[in-house]
Every structure is written in C-alpha cells, then in structure tokens.
Amino acid sequence: MSSLDLRGGSPAIGRLATRVIAVCWFLVLLDGLDLFVYGAVLPGVFEDKAFHLTKAAGGDIGSCTNLGMLLGALTAGLLNDRIGRRLPLMGGVTIFALASAGAAAAHTVTLFGVARTISGYGLGALLPTCLALVQEFAPPARKNLAVTVVMTAHQAGGALAGGLALSVVHHLGWRSVYWFGALPLLAVPLIWALLPESMTFLIGSGRTAQAQAQAAKYGVPLEFYAPEAGGERRRGDVRQLFTRTVWSTTLLFWVASFFGLLLVYGMNTWLPTMMRGHGYNLGSAISFLLVINLGGIVGMLVAGPLADRFGPRRVALIWFACTAIGVALLAAHTSQVLTYVIVFVTGGFLFSAQTLIYASTSTYYLPSVRATALGWVSGVGRWGSIFGPWFGGVLLSHGFDTAGFWVFAIAAAIAVVTIAFIRRNPEVDAYRAAERESVPA
C-alpha cells in the first residue's frame, strides 16, 4: 500500500502496516455490512406478511442490535489492553457469524431480535479493536489516513448491503442476506494466521521476548512500537480515562460519539423507509442507501489526509457542520437527480465525521489506555445508535417522515458544539513528539 504513503521511512514498517490495514479492513467490512443490511432489507421484511414485523418493532430490534454492540465494545475496551487484540477480534467474528445464521433461521420476531442482539455483541468488539491496531502499526504521520482507509470498509459494507438487497432479496428473500453473513466463520483461521498481535501491547505487558520474535519475523525495529514509559501501571485501567488532565475530554468524546452514532445508525436504518415516505418506490429508496455509502467512501479518503495535516478534531468540526446542512436539505422535496447529489455529498461528511471522533480519541490518550478509550468511546456512543433507530421508528410509526431528517440534523449540530470544547492533552503531545523522532530514516 505504498500508494498511500504508509511506509514512514521504512519499507518493512509499511509492509506490516499494510497487512494489518488489509485484515482490519475486511473485519470492519463485516461490521458495515451487518449495520447497513438491516436497513436495506427492512422494507422487504415489512412486506413479508407471514413474519408480522411492525415499524415500531423494527426500530426496537435495531436498537437491541446496537445494545449488543454497546456491550461488545465495552467488553473489548476492558479486554484489549489486558489480553491483547487478536482474541477479542476472533471471538467477535465467531459470535457474529453464528448469530447471523440464527437470524436467517428465525421464524418469529422475538427469535430474530435475540439473534440480532447477539450478532451485535460479536460485532461490537471489531471496530474499536481494529482502530487500536491500525493506530499502533501505522507511521505517526499517516495514522489518521490509515484509520479512514480502514473505515472505508464500513461504507463498502453499506454499498454491498444495498447491492445485496437490490439483487438478492427480490429473488431469494430477505433471509438469504443473513445466511451470507454467516460465511465469515470460514475465514477465522486465516485471519488468525495473518493478523499479528500488537507489539505495543506485548511490550507493555512484559512479553518482550514474544514482541522481539514478532519484530524479527516481519523485519521491523521493535523500538518503533514501544509504549510510553510507565504504561504498565495504566494498562487497561478505566480510571485512567478520568484523570485530572483527561476527564473532561473523555466526557466530551462520549457525548460527541453518542450523537455521531445516532446519526449513522438512525440514517442508515431508516433512510430507505423515509425516502419511501417522500414518494420513491422500493428500488429507488434502497438505492439511496447505496449512494450515501459511496459518498461515505469518498469522504473517508478526503478526510484522512486533511486530518493528518490539520488534526482530526478540526476536520471533525467542519464535517459535522456540513452533515447538519446536508441532512436538513433532505427534508425538502427536490428533483430526483438533486436528491441523489445531496445524499451522496451528505454521506461524504456524515460517516467520516464519526470516524474522525475515533481518530481524535486515539490522539488524546496514551498507548497503554488507547484501546480502552476507543472501546468506551465506541461503547458509550452506542447509546446513540440505540436511540437513533428507536426514535426513528417512533416518528415513522406516527407518520412523521420528514421530522426524522430534522432530528438527525440537530444531532449533528450538537456534535459540533461538543467537539469545539475538547482541549489538548499535554502528556500525549509529548509522547507523540518522541514517537515521530523514533521513525527510522
């Protein structure tokens, strides 16, 4: 992946970073596919009269899925800095795949909801763990780019979900998509073989010999992955998120993540249904989900380099402000061509805005608690992913189709205000300055 300039002055570091990014990209693809496929097939599930799923129940199940993700993210946040990254990832993939098969086989709404909740628990571990790994393996000057490249998989999963809904559901039924979601179980052994353990974690946990062996295997300098001094005392300690220097930052990130995930999950659960309320047919309504995720991919690739140059927090402020404007414009009735343009551009800002919250989180905490911070920012933020689909279902069940767009626009505006109050952490600034000096020429 030299075209992304991830080498940081060392081809070996670049090759290892590329390997980690490629594996994490695939894992985040699963997260995105599962998230967006629910919204994509939801209109088809509603039309399955034998299944008896109401709009209100659809919102409840979407929220329960995200409750599972919340618990999975918090669990990963506790485990990643204690037992490493690979075991939580493999456990998450296995749980998700088995639960996806359960959702495909469910013949009652209750069993379907239980399977979706368990699936969410498995997926909850993937995103924060992958982002922590990418941050640890990428060169300092390209960490934000690496994060946004991985997060394009989220939108690629959404585009794939829309494609599956358009091409498969009509012919094979909505259950076929969930059977497709069980296939990653076959890839678990390959993922285990390809994905290295975090050397930052290995050194920080006293497993120096294992870290040395892994560094020798990949031909990389071990000092490049060294944690901060004294990190073993802080490793995996949630209390470190509430020290004097970072407690307010932690709370602000939690609030911003809440509203960011409210936007992401609320829009993607209900966008096809809200567009049907605007008079579009089922095929056109689902196609908007495809378009918004294609816009998200472009937005990620634009946001990454800008975040590396100007800082992820500054770019997040602008991105959330543009998201608020774009979502508000969707409440208006415009021509179909203009609506597609608005959806595409809004997707470009919406998804990368939330990704920039994760990228910012990684830069505001020391390596010994980075994965814990990411897990809890993702986990606490999942309350927004629960509230978004639930509240959208309440609005739509009462016929307030257009009001949903305004609610999501307000959520983006609140995120702007919250991020504006976040201030730098001097301890992390000092560590990052030393980290940049360690990059081999």
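A residue counts as buried when its relative accessible area is under 20%, as exposed when that area is over 50%, and as partly exposed in between. Arginine 19 has a relative accessible area of 31%, so this residue is partly exposed. The structure described here is a predicted model.

## The chain as a whole

The chain contains 17 helices and zero strands. Of its 441 residues, 61% count as buried.

Helix H13 has the highest confidence, with a mean of 93, whereas helix H17 (residues 426-437) has the lowest, with a mean of 60. Over residues 1-5 the pLDDT is below 50, and this stretch has nine contacts in the model beyond near neighbours in sequence.

## The nonpolar core

The largest nonpolar core has 139 residues. Phe112, Tyr178, Val220 and Met267 are the residues with the most contacts inside this core. Helix H1 (residues 11-46) gives the largest share of the core, 21 residues.

Which residues surround methionine 267? Leaving aside neighbours within four places in sequence, methionine 267 is in contact with Leu262, Met274, Ile292, Val327, Leu330, Leu350 and Phe408.

Helix H13 runs over residues 312-330 and has 19 residues. From its first C-alpha to its last, H13 reaches 27 Å, close to the 27 Å expected at 1.5 Å a residue. The buried residues of H13 include Trp319, Phe320, Ala324, Val327 and Leu330.

Alanine 415 is found in helix H16 (residues 403-420). Its relative accessible area is 0%, so alanine 415 is buried. Not counting residues up to four places away in sequence, alanine 415 touches Phe259 and Phe320. Alanine 415 and alanine 324 are 91 residues apart in sequence, and their C-alpha atoms are 9.6 Å apart in space.

## Salt bridges

How many salt bridges does a search of the whole structure find? The search finds two. They are listed in the table.

| Salt bridge | Closest N and O atoms |
|---|---|
| Aspartate 34 and arginine 116 | 2.7 Å apart |
| Arginine 85 and glutamate 136 | 2.4 Å apart |

The pair of aspartate 34 and arginine 116 links distant parts of the chain, 82 residues apart. Aspartate 34 is in helix H1, and arginine 116 is in helix H4 (residues 109-124). Is aspartate 34 buried or exposed? Aspartate 34 has 3% relative accessibility and therefore counts as buried. Arginine 116 has a relative accessible area of 2%, so arginine 116 is buried too.

Arginine 85 lies in the loop between helix H2 (55-83) and helix H3 (86-105), while glutamate 136 lies in helix H5 (residues 126-137), so this pair ties together parts that are 51 residues apart in sequence. Both arginine 85 and glutamate 136 are buried.

Tyrosine 225 has its place in the loop between helix H10 (208-218) and helix H11 (247-277). With 1% relative accessibility, tyrosine 225 counts as buried. Leaving aside neighbours within four places in sequence, tyrosine 225 is in contact with Ile13, Leu16, Glu136, Phe137, Met199, Thr200, Ile203 and Val220. Glu136 in this list is also a partner in the salt bridge with arginine 85, and Val220 is one of the residues with the most contacts inside the largest nonpolar core. Tyrosine 225 and methionine 199 are 26 residues apart in sequence and 6.0 Å apart in space, C-alpha to C-alpha.

Arginine 19, the partly exposed residue from the opening, is found in helix H1. Which residues does arginine 19 contact, leaving aside its neighbours within four places in sequence? They are Ala193, Leu194, Pro196 and Tyr218. Arginine 19 and leucine 194 are 175 residues apart along the chain, and their C-alpha atoms are separated by 7.5 Å.

How values were computed
Residues are numbered from 1 along each chain as its sequence is written. This is a predicted model: local features need pLDDT of at least 70, side-chain atom pairs count only at pLDDT 80 or more; totals for chains, interfaces and linings use all residues. Side-chain values use heavy atoms; hydrogens and water are left out. A nonpolar core is a set of buried Ala, Val, Leu, Ile, Met, Phe, Trp, Tyr and Cys residues joined through side-chain atoms within 4.5 Å. Buried means under 20% relative accessible area, exposed over 50%, partly exposed in between (1.4 Å probe, protein chains only). Helices (H or I, at least four residues) and strands (E, at least two) are DSSP runs, numbered from the N terminus. Contact means heavy atoms within 4.5 Å. The expected span of a helix is 1.5 Å times one less than its number of residues. A salt bridge is a side-chain nitrogen of Lys or Arg within 4 Å of a carboxyl oxygen of Asp or Glu. pLDDT is the predictor's confidence in each residue, from 0 to 100.
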